[in-house]
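Please look over the sequence and the fold shown here before reading on. The paragraphs that follow go from the packing of helices on a sheet to one helix in detail.

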Amino acid sequence: RRSVALAEQHGQALANAALGATTAIRDMIGPGVHSALAMVDLAYASPPSRADLEKRLASKAYFEADHARLLLAQLKRDGHLARSYPCPVQVVRLGRELILVALGGEVVVDYSLRLKRELAGPARVWVAGYCNDVFTYVPSERVLAEGGYEGDRCMRYTETMGLHPGPWARGLEERMVGQVHKLLAQTAAP
């Protein structure tokens, strides 16, 4: 705001900091990249009945009625509603220093907190959601039990990312975390 020289000085300081950070990361991570990917079938809780869906058609909430219409069409076409959804889980090890856990869907923060706690050791752990597929929220057991938007209702607003008949069944957190541990063993450096 005061002078071009001051702006250039701050710009150079920012550039030096960015260069220093990337150099430190390059020097910090040893050789070797190991990766493994698997799909985890996340089961849905009991699906709504045809009668329940027909009641929802009368809802004044557009998304509620539209979701019911789409599920009834799926029921007519396939004879049943989806029972599960395949969620991608991936582990990438960079050297011995960094583990990237890439989870599909919009996972809640509980996954990151738990995995960082369980995988604590010499390697840093980076947990990321929205990886390899974005389909809806993936709640932890805690959030699923709380219900609310992420635990229950978000499933009704995601036609473009997959048609989900209702909330997830209990046990999804253990399935996701268990798969991470299996993939971690597969990616261990020889």
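Helix α4 (residues 109-118) lies across β3 and β5, and its direction makes about 160° with that of β5. Helix α7 (residues 172-186) also packs on the sheet, where it touches β1, β2 and β3 and runs at about 160° to β1. Contact here means heavy atoms within 4.5 Å, and angles run from 0 to 180 degrees between N-to-C directions, the axes being lines fitted to C-alpha atoms, for helices over the stretch in contact. Helices (H or I, at least four residues) and strands (E, at least two) are DSSP runs numbered from the N terminus.

This is a predicted model, in which local features need pLDDT of at least 70 and side-chain atom pairs count only at pLDDT 80 or more, while totals for chains, interfaces and linings use all residues. Residues are numbered from 1 along each chain as its sequence is written, and side-chain values use heavy atoms, with hydrogens and water left out.

The open sheet is formed by 4 strands in the order β1-β2-β3-β5, with mixed pairing; two strands pair if DSSP finds at least two bridges between them. Strands β2 (residues 84-94) and β3 (residues 98-103) run antiparallel and are joined by 6 bridges, and Val92 stands opposite Leu100 in β3.

Helix α3 (residues 62-78) has 17 residues, so at 1.5 Å a residue it should span 24 Å, which agrees with the 24 Å between its end C-alpha atoms; the expected span is 1.5 Å times one less than the number of residues. Among the buried residues of α3 are His67, Leu71 and Leu75, where buried means under 20% relative accessible area (1.4 Å probe, protein chains only).

How values were computed:
Buried < 20%, exposed > 50% of the residue type's maximum accessible area, 1.4 Å probe, protein only.
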